[in-house]
Amino acid sequence: TITTPTTGSVLRLGAANAKVVPMAEGTYRFDGTMGDRITLDGPDQPNQVSVTLGAQSLTGIWSPAYRTALDYQGRFENIVATVVGNDGPVQTSIGLMTATSASKPSAAAAPTPAPGAAQGQAPASLLDLTGGFTAERLLTTGPEGERIAIAGLTGNLSLSGTDIATMMEASARLQETQPDPVTGKVPPERMDQMLAALGDMLGAYGHAGSLTMSLKGLEVVDGAESVRMESLTTGFAAGATDGSGRLGMTLGFGGLALAPAQEPAALVPGSMAIDIALEQLPMAQLKPLLTEFMRLSADPSQMDAAGQVLAMQMIAALSQAGSRLALADLKVETPGSGLTGSGAVTVDQAAALGATADVTFTIRNLDAAIQALGPKPGEPTDPEAAGTLMALGMVQGFGQPGTDGEGRPVLTYRIQATPQGQLLLNGQDLAPMLQAMQQMR
């Protein structure tokens with residue numbers, strides 16, 4: 001039982017059991033269970049939060065050297081959490097949840113071998129880490145019958161070449177630089193310590209990492225309105241090779257259905273996928289600049305002039321490295337049409353626009369979108385749709401006609417920004433058209 005003196009809240013964790021066995025390498029194997037009922041009493045509300053657990057198991061290896069468990073497996077069944085609010089109780093249930101984590105010595109070569117280590121062997125604290133969780137049959141219900149249901153949820157994390165000893169040590173130092181409880185800000189005398197710890201922690205994550213999340217069978221219902229989605233995925237990846245960094249993101253969904261149906265239904269995307277990344281980032285040059293930016297952000301009075309200088313230095317570093325925003329893939333599907341895209345925008349201080357670009361979009365069956373927005377026979381034109389129809393008509397006129405691999409009609413739009421400052425659409429200079437549009441306004 002834990003009581004908070006300031007609020008009077010009482011947390012009851014129940015009875016936990018653990019079996020700990022010392023291992024030969026100085027680690028400890030543990031097997032245990034948590035209490036099958038956990039409650040939190042608020043100042044004026046007994047059992048404001050309650051959690052019950054069914055069958056459960058948790059086993060792993062505790063490492064005193066790293067002050068954490070890097071290898072473990074957990075399984076928890078029939079979890080039910082209830083939170084009592086002013087509007088009534090909100091209940092969340094999970095049929096099954098699992099969690100895993102595993103570590104192994106990293107295959108990453110060490111710049112300077114540890115004493116006694118063979119050439120190319122990583123230091124003992126460099127590890128490759130993998131972890132993940134799953135949750136099945138999630139259901140949240142509100143006091144008025146609203147509900148969120150998820151058939152399955154999965155997450156996976158991987159890190160390569162992680163210096164776990166440095167990470168844990170930096171994490172401990174970071175906890176010592178908490179914001180002032182009154183002002184909510186980190187005192188100036190602790191700012192350097194915080195930035196140093198944060199820099200060490202970020203540097204210890206290793207040379208590559210990724211995080212992915214996927215969801216299936218989503219259903220959100222609130223009265224007569226509902227959103228259903230067969231799948232939703234997102235992912236983040238970071239890595240560095242020879243000092244050149246990459247930060248990538250993916251996002252996608254499929255099987256989207258809305259009730260009541262949104263009009264025009266032919267334009268509502270049923271699926272979407274995007275893969276985008278910042279590439280060729282000069283990590284060694286950016287790290288001190290970002291650290292200084294964080295330092296200045298603590299004192300907004302210094303940000304204006306110094307912030308502009310930092311921004312220019314960042315742009316110069318990005319330009320020298322040839323950094324770019326790359327759109328590897330874009331796909332959007334509607335019932336009657338589709339959109340694809342790929343290309344890149346590259347930072348280039350020598351370019352007239354400060355960057356160059358070469359991006360291509362392809363629209364399939366744009367006629368279907370225009371027809372869906374048009375008035376039905378015998379009905380007047382919707383004033384709001386009229387402007388959209390005019391814009392789509394212009395877009396249609398600018399496209400390069402062709403067909404895709406399945407013989408369907410497509411319009412292609414290749415957009416380029418040249419070093420000389422020209423904006424080209426399918427090889428044609430856009431300047432005259434943009435000037436004419438400006439004069440019309």
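In which strand is D41 found? D41 belongs to strand β5, which spans residues 37-41. The model shown in these views is predicted.

View 1. D41 sits in strand β5. Its relative accessibility is 13%, so D41 counts as buried; the cut-off for buried is under 20%. The side chains of D41 and R12 make a polar contact of 2.3 Å. The D41 side chain also reaches a backbone atom: the nitrogen of N47, at 2.7 Å. Beyond residues up to four places away in sequence, D41 touches G8, S9, V10, R12, P46, N47 and Q48.

**View 2. The largest nonpolar core.** This core holds 16 residues. Those that touch the most other members are I79, I94, A135, L138, I150, L215 and L218. Five strands each supply at least two residues of the core: β8 (68-85), β10 (126-141), β11 (147-163), β12 (208-222) and β17 (324-333). Strand β17 gives the largest share, 3 residues. In soluble globular proteins, nonpolar side chains tend to be buried together.

View 3. With neighbours within four places in sequence left aside, I94 is in contact with E77, N78, I79, A135, E136, R137 and L138. Another core lies apart from the largest one. This other core has 11 residues, among them L366, I370, L392 and L425.

View 4. L258 is placed in strand β15, residues 257-259.

**View 5. A cis peptide bond at P260.** The bond joining A259 and P260 is cis, with omega about -5 degrees. P260 lies in the loop between β15 and β16 (271-282). Most peptide bonds are trans.

View 6. Most residues other than glycine have a negative phi. D242 has a positive phi, near 55 degrees. D242 is placed in the loop between β13 (225-241) and β14 (244-254). With a relative accessible area of 82%, D242 is exposed. Q280 is not a glycine, yet has a positive phi of about 55 degrees. Q280 is placed in strand β16. Q280 counts as partly exposed because its relative accessibility is 36%.

How values were computed
Residues are numbered from 1 along each chain as its sequence is written. This is a predicted model: local features need pLDDT of at least 70, side-chain atom pairs count only at pLDDT 80 or more; totals for chains, interfaces and linings use all residues. Side-chain values use heavy atoms; hydrogens and water are left out. Helices (H or I, at least four residues) and strands (E, at least two) are DSSP runs, numbered from the N terminus. Buried means under 20% relative accessible area, exposed over 50%, partly exposed in between (1.4 Å probe, protein chains only). A polar contact is a pair of N or O atoms within 3.5 Å; within protein, one must be able to donate a hydrogen and the other to accept it, and residues adjacent in sequence count only if both atoms are side-chain atoms. Contact means heavy atoms within 4.5 Å. A nonpolar core is a set of buried Ala, Val, Leu, Ile, Met, Phe, Trp, Tyr and Cys residues joined through side-chain atoms within 4.5 Å.
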